[in-house]
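Student: I would like to go through this model with you, contact by contact. Please show it first.

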Amino acid sequence: MLRLGVIALVILAARPVHAQYPTITNSRFAIDLYDGVAIGNTDMVGMGGAGAAVVLGTAGVLMNPSAIAVRPTTDNGSWSLDYHAVVLTGTYSSDYDNNGQAGSGGASLVTGGIGGRIGNWGAAVTTLVQQAPVVGSSPSLTANTRRWRYVLARWIPQIDLAVGGGFQTAAFELDPPSGAALFTISGTGLVAGATWLPHGESFRVAAGLDGSIDGGQVKTTCNPEDPATCMGYILPARARVPARLVAGGAYRWAPTAWNQQVTTPFRDELSVILAGDLVVTGPTASGAGLEAFGMHELQPSGRHTVLGVRGGAAFECLPGRFRLRAGSYWEPGRFEGIGGRAHATFGIDLRVLAFQLWGERRGRISLTGDVADRYRNIAFDIGFWH
């Protein structure tokens, strides 16, 4: 009897992890579109995702809508333009979203934006596009998520404060190898943010708030609750993006105070910046994981509010030529029964050339990485040195 009991325990332990989840029988669930990992430009990822108070321009708008109204300390003109475009790949991850199910083929991401400032007003449009195979799905499906942000911000010099707000849209779809999407769901939510940088000081404080998006505009050519017409799937009623609150601060050690304009086109100083963020993500009603859905199973996701902690440093060790970044953050567990995980990040900026293009310009190449248990994310970027 003891031997039979041991054999039974071995068989139970050897079952695939996803076998513990119930089979989907109706559409009363929502895909939880949650991002627990650091997403942004090489500055943000390299510093452990801590960017609310330190990453400016369109890249900063991804976390804090007021970032487009905060001038770089070398920007003394009446107007300016800003843009970014970064490709990140998590395809070397075996469990990209930390759902506890080892697979292959993590997400590929593209983030970009364009914006500008006229006087004390700034505006920006940013996008985040994610694509990932749904591991275990049959027929094979690819998940595509597209988010757009439209923000307007203003700098208030009397109180050294930038405020911004706007809205974001999200569209989620599942695509088969060929033909039309299995379904598409979209929705809209509000965003707001603020950054305080007192003149003559070397610290900054910021916060950003994303309202939840409850996508309920389901577009499909099949009957959502009839698997015979939907490639064998019962479709979700919604895709939801949870509400998120980010609060952060940063401090800069250098020969001169951080929060002041300088007359030179570049601020070549030996400097160290430390930054930290707290990220609070709200629950997702009836939330479920995407990969389990691909296997026709319901894995609860986002049933509770979770807290992430992020921190990092940037060291300009060769002023005007070379920067190093390093950081770490805690990605909280989003799925029931699956714990969080710690990440380590790094980044390198190297100035490669100088030239004249509507003023003095410097070229830059950057490499950044984010490593955790069953997670790998890397990015390579070519741009201007700021």
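Student: Leaving aside neighbours within four places in sequence, with which residues is Gly115 in contact?
Tutor: This is a predicted model, where local features need pLDDT of at least 70, side-chain atom pairs count only at pLDDT 80 or more, and totals for chains, interfaces and linings use all residues. Residues are numbered from 1 along each chain as its sequence is written, and side-chain values use heavy atoms, with hydrogens and water left out. Contact means heavy atoms within 4.5 Å. With neighbours within four places set aside, the partners of Gly115 are Thr58, Ile68, Leu81, Asp82, Ala123 and Ala124.

Student: Is Gly115 buried or exposed?
Tutor: Gly115 is found in strand β3 (residues 108–118); strands (E, at least two residues) and helices (H or I, at least four) are DSSP runs, numbered from the N terminus. Buried means under 20% relative accessible area, exposed over 50%, and partly exposed in between (1.4 Å probe, protein chains only). The relative accessible area of Gly115 is 9%, so Gly115 is buried.

Student: How many aromatic pairs are there?
Tutor: Rings of Phe, Tyr and Trp (its six-membered ring) pair if their centres lie within 6.5 Å. Planes under 30 degrees apart count as stacked, over 60 as edge-to-face and the rest as tilted. By this rule the count is nine.

Student: What kind of aromatic pair do Phe29 and Phe293 form?
Tutor: The pair links distant parts of the chain, 264 residues apart: Phe29 lies in the loop between α1 (2–14) and β1 (30–32), Phe293 in helix α4 (residues 290–294). Phe29 is buried at 4%, and Phe293 is buried at 1%. The centres are 6.1 Å apart and the planes are at 45°, which makes the pair tilted.

Student: What kind of pair do Phe183 and Phe293 form?
Tutor: Both residues are buried. Phe183 is in strand β7 (residues 183–196), 110 residues from Phe293. Their ring centres are 6.5 Å apart and their planes are at 85°, so the pair is edge-to-face.

Student: Which residues do ring pairs link into a cluster?
Tutor: Phe293 pairs with Phe29 and with Phe183. The cluster is Phe29, Phe172, Phe183, Tyr233 and Phe293.

Student: Over which ring does the charged end of Arg204 sit?
Tutor: A charge sits over a ring if NZ of Lys or CZ of Arg is within 6 Å of the ring centre and within 35 degrees of the ring normal. For Arg204 the distance to the ring centre is 4.0 Å. The ring belongs to Trp258.
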